[in-house]
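These are my notes from reading through one protein chain. I began with the packing and then turned to a helix and a sheet.

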Amino acid sequence: MSAPPVYTYPELADCAACGARRFRAAARLRFPAFPDAFQLLECASCGLLFNSPRLADQSALYRSDYYVFAESEAGRQGAAMSQFRALVDRLGADRLRGKRVLEIGAALGHLSSLLARAGARVRGVELCGHVAQAARERFQADVFAGSLAAFREKEREARFDIVVACEVLEHVPAQPAFLRDCRAVLAPGGVLVGTTPNAAARSRGAWGDDWEGFNPFHIYLYTPSALRAALGRAGFPSPEIESSAAEPAPGGVGLRRARRRLVRALDSAGIAPVLRNVVRRFRRAAREPRPFEQRPLDEILREAAPSFKDADAGGEKLRFVARAE
Ligand SMILES: [Zn+2]
């Protein structure tokens with residue numbers, strides 16, 4: 001018999017984003033992987049959502065079937081392409097050449113490989129050892145296996161012009177230390193850039209508990225003001241924060257919700273992994289995409305089209321660009 005899970009209670013401390021100490025219950029969600037309800041609290045001051053109580057050891061969640069690593073190759077490429085586009089739109093493709101870039105949460109190395117092809121000198125940090133190994137083998141990527149804190153411990157002198165953290169912030173338990181670590185590895189004048197789900201997204205209201213941002217891996221969900229406060233306290237005095245312009249089609253909500261419920265039901269019955277494998281094998285056989293490594297960068301930039309606007313837009317994702325003071 002396995003031991004019961006151990007929890008910690010982060011609400012006993014200050015808000016990780018703004019430092020306030022008043023919270024309210026925001027959501028109680030059920031996930032098949034969790035024996036108890038997944039509870040989110042909300043900072044009454046900045047709107048930061050955070051999981052509490054939470055698993056004392058989050059690493060058990062990131063097994064080989066973790067959804068990002070299990071994603072199809074086409075899905076992985078699509079995500080990397082839009083992230084690349086979102087960064088290049090903001091930083092300028094010509095400004096990547098020769099720059100020292102650290103990608104945190106490098107996963108299987110797709111985004112790192114695009115940044116390297118744009119002329120950047122890229123290194124990566126990835127928590128999962130076997131995933132980091134896969135990135136090294138496929139893309140010859142220079143990926144450290146471990147946390148950012150462990151990377152800093154090992155490479156005290158390493159400094160970067162650009163730190164990239166796309167879809168990472170929401171997963172990291174060690175906050176606010178994580179953003180301070182990002183600041184610490186930046187060279188003078190360096191810039192932190194990334195994306196994270198928007199806790200103030202209009203879609204959250206439409207979806208309720210079925211909102212895409214709610215999953216057992218997302219233990220911190222930022223509103224624009226929470227993100228501004230957190231970045232400010234970590235040494236980024238005037239971050240630029242925008243939200244994605246794309247909105248889900250209102251007519252599609254009912255269908256997507258039904259599909260999500262079906263997947264959850266199959267998950268609890270243990271059927272979903274089997275089905276997923278069948279679908280994946282079928283898709284792989286159906287099309288042989290052009291090797292990602294050989295696709296021209298300008299074609300990738302044309303194809304992937306994320307568009308971001310000002311913070312109050314209430315889009316699904318936030319993009320932040322924060323210069324070190
Ligand atoms: Zn707060």
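Entry 1, nonpolar core. I took a nonpolar core to be a set of buried Ala, Val, Leu, Ile, Met, Phe, Trp, Tyr and Cys residues joined through C-beta atoms within 7 Å. The model I used is predicted. Its largest such core has 80 residues, and those touching the most other members are Ala 17, Leu 48, Val 163, Val 164, Tyr 222 and Ala 226. I then listed the neighbours of Ala 17, leaving out residues up to four places away in sequence: Cys 43, Cys 46, Leu 48, Tyr 222, Ala 226, Ala 229 and Ala 230.

I counted 11 helices and 14 strands in the protein chain. Buried residues are 37% of its 325 residues. Of the contacts with a separation of 6 or more, 73% join residues 24 or more positions apart.

I found 7 of the 8 residues of H3 (110-117) buried, namely His 110, Leu 111, Ser 112, Ser 113, Leu 114, Leu 115 and Ala 116. The cover over these buried residues includes helices H2 (73-91), H4 (129-139) and H11 (297-303), together with strands S6 (100-104), S7 (121-126) and S9 (160-166). Just after H3, I noted a positive phi of about 100° at Gly 119.

Entry 4, an open sheet. I traced 4 strands in the order S2-S3-S4-S11, with antiparallel pairing. S2 (23-29) and S11 (220-221) are the edge strands, each pairing on one side only. S2 pairs with S3 (38-43) over 6 bridges, and Arg 24 stands opposite Glu 42 in S3.

Technical notes
Residues numbered from 1 in each chain as written. Predicted model: local features only at pLDDT ≥ 70, side-chain atom pairs only at ≥ 80, totals over all residues. Buried ≥ 20, exposed ≤ 12 C-beta atoms within 10 Å, placed from the backbone. Contact = placed C-beta atoms within 7 Å. Helix = DSSP H or I, 4+ residues; strand = E, 2+ residues; numbered from the N terminus. Pairing = 2+ DSSP bridges.
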